[in-house]
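Let's go through this one together, a question at a time. Have the model open while you read.

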Amino acid sequence: MLKLYGGAFSRASIIKWYLEELEIPYEFVMLDMKAGEHLQPEYLAINPVGKVPAIVDGDFKLWESGAILLYLAEKYGKTAFSLEERAIFSQWVLFANSTLATGIFIEANREKEMPRLLTPLNEIFGQQPFVLGNEFTVADVAVGSILGYIPIMLKLDLSAYPAVLNYIKQVSERPAFQKSIGAGRG
């Protein structure tokens with residue numbers, strides 16, 4: 001069975017969300033970060049950087065949330081994707097984890113970056129329910145998790161972006177989101 005390693009209030013909840021969406025059985029291994037369990041040799045053998053999340057799927061070990069999402073989409077997704085479709089997924093996962101996350105979560109960047117990032121997202125969500133159209137994909141887990149943290153952690157005023165607010169509401173009501181990020185556990 002796939003093992004997901006994480007800590008309280010970590011990006012492991014993003015991976016949990018996608019595992020729940022895909023209905024993949026998994027074991028969640030909660031590491032006590034305060035006690036330094038993520039720096040012990042057993043875990044460093046899985047992720048030498050000592051960060052969470054990480055997965056062990058059979059003999060395969062992988063860390064970094066975006067890489068894990070893309071791996072799960074490729075291995076367990078219900079559709080075979082073309083090279084171009086996989087590239088688009090990668091584009092959105094990388095955008096979410098780097099550009100969107102740093103633009104929203106790093107306070108010094110927020111004033112300049114939020115309008116630059118949320119305006120086009122608002123336009124996209126004004127035209128379609130999900131990042132890539134009418135179907136929920138791994139891109140929505142990546143983008144939706146970052147946006148979904150805004151009302152939970154930051155309480156920012158997003159009234160200028162009504163379609164983004166509607167999107168956040170839509171994804172946060174998904175049962176798999178409720179079992180993972182919405183549950184408030186890492």
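Q: Is E64 buried, partly exposed or exposed?
A: A caveat on the model: it is predicted, local features need pLDDT of at least 70, side-chain atom pairs count only at pLDDT 80 or more, and totals for chains, interfaces and linings use all residues. Residues are numbered from 1 along each chain as its sequence is written, and side-chain values use heavy atoms, with hydrogens and water left out. Buried means under 20% relative accessible area and exposed means over 50%, with partly exposed in between (1.4 Å probe, protein chains only). E64 has a relative accessible area of 46%, so it counts as partly exposed.

Q: What is the phi of E64?
A: Helices (H or I, at least four residues) and strands (E, at least two) are DSSP runs numbered from the N terminus, and E64 is in the loop between β4 (60-63) and α3 (65-76). Most residues other than glycine have a negative phi. E64 isn't a glycine, yet its phi is positive, at about 85°.

Q: Which value does phi take at F9?
A: Look in the loop between β1 (2-6) and α1 (12-22) to find F9. F9 is exposed, with a relative accessible area of 72%. F9 isn't a glycine either, but its phi is positive, near 55°.

Q: Where in the chain does the cis bond from V52 to P53 put its proline?
A: Most peptide bonds are trans. The one from V52 to P53 is cis, with omega near 5°. As for P53, its place is the loop between α2 (41-44) and β3 (54-57).

Q: In what order do the four strands of the open sheet run?
A: Two strands pair if DSSP finds at least two bridges between them. Here the pairing is mixed, and the order across the sheet is β2-β1-β3-β4.

Q: Which strands sit at the edges, pairing on one side only?
A: Start from the order again: β2-β1-β3-β4, in an open sheet. Each edge strand pairs on one side only, and the two are β2 (26-30) and β4.

Q: What is the average twist from one strand to the next?
A: Angles here run from 0 to 180 degrees between N-to-C directions, and axes are lines fitted to C-alpha atoms, for helices over the stretch in contact. Going strand by strand through the four-stranded sheet, the twist averages 20°.

Q: Which residue of β3 stands opposite K3?
A: β1 and β3 pair in the antiparallel sense, over three bridges. K3 has as its opposite number in β3 the residue V56.

Q: What is the bridge partner of I55 in β4?
A: β3 and β4 are antiparallel too, with four bridges. Their hairpin has two residues between the strands, and G58 takes a positive phi near 65° there. I55 bridges to a residue in β4, namely L62.

Q: Which residues does L62 touch beyond its neighbours within four places in sequence?
A: L62 belongs to strand β4 and counts as buried, at 17% relative accessibility. Contact means heavy atoms within 4.5 Å. Leaving those sequence neighbours aside, L62 is in contact with A54, I55, A67, I68 and Y71.

Q: At what angle does α1 run to β1?
A: α1 has nine of its eleven residues buried, so it is largely enclosed by the rest of the structure. W17 and Y18 are among the buried ones. The helix lies across β1, β2 and β3, and its angle to β1 is about 150°.

Q: And what is the angle of α3 to β4?
A: α3 lies across β1, β3 and β4. Its direction relative to β4 is about 135°.

Q: What area is buried between domain 1 and domain 2?
A: Domain bounds come from an automatic or database domain assignment, which here gives domain 1 (2-76) and domain 2 (83-179). Their centres, taken over C-alpha atoms, are 22 Å apart, and 14 residues of domain 1 are in contact with 20 residues of domain 2. Buried area is the accessible area (1.4 Å probe) that two parts lose on being put together, summed over both. Carbon and sulfur atoms give 67% of it, and the whole is about 1,400 Å².

Q: Which residue's backbone oxygen does the side chain of S180 reach?
A: S180 is in the segment after α8 (175-179), and it is buried, with a relative accessible area of 1%. A polar contact is a pair of N or O atoms within 3.5 Å; within protein, one must be able to donate a hydrogen and the other to accept it, and residues adjacent in sequence count only if both atoms are side-chain atoms. At 2.7 Å, the S180 side chain reaches the backbone oxygen of A176.
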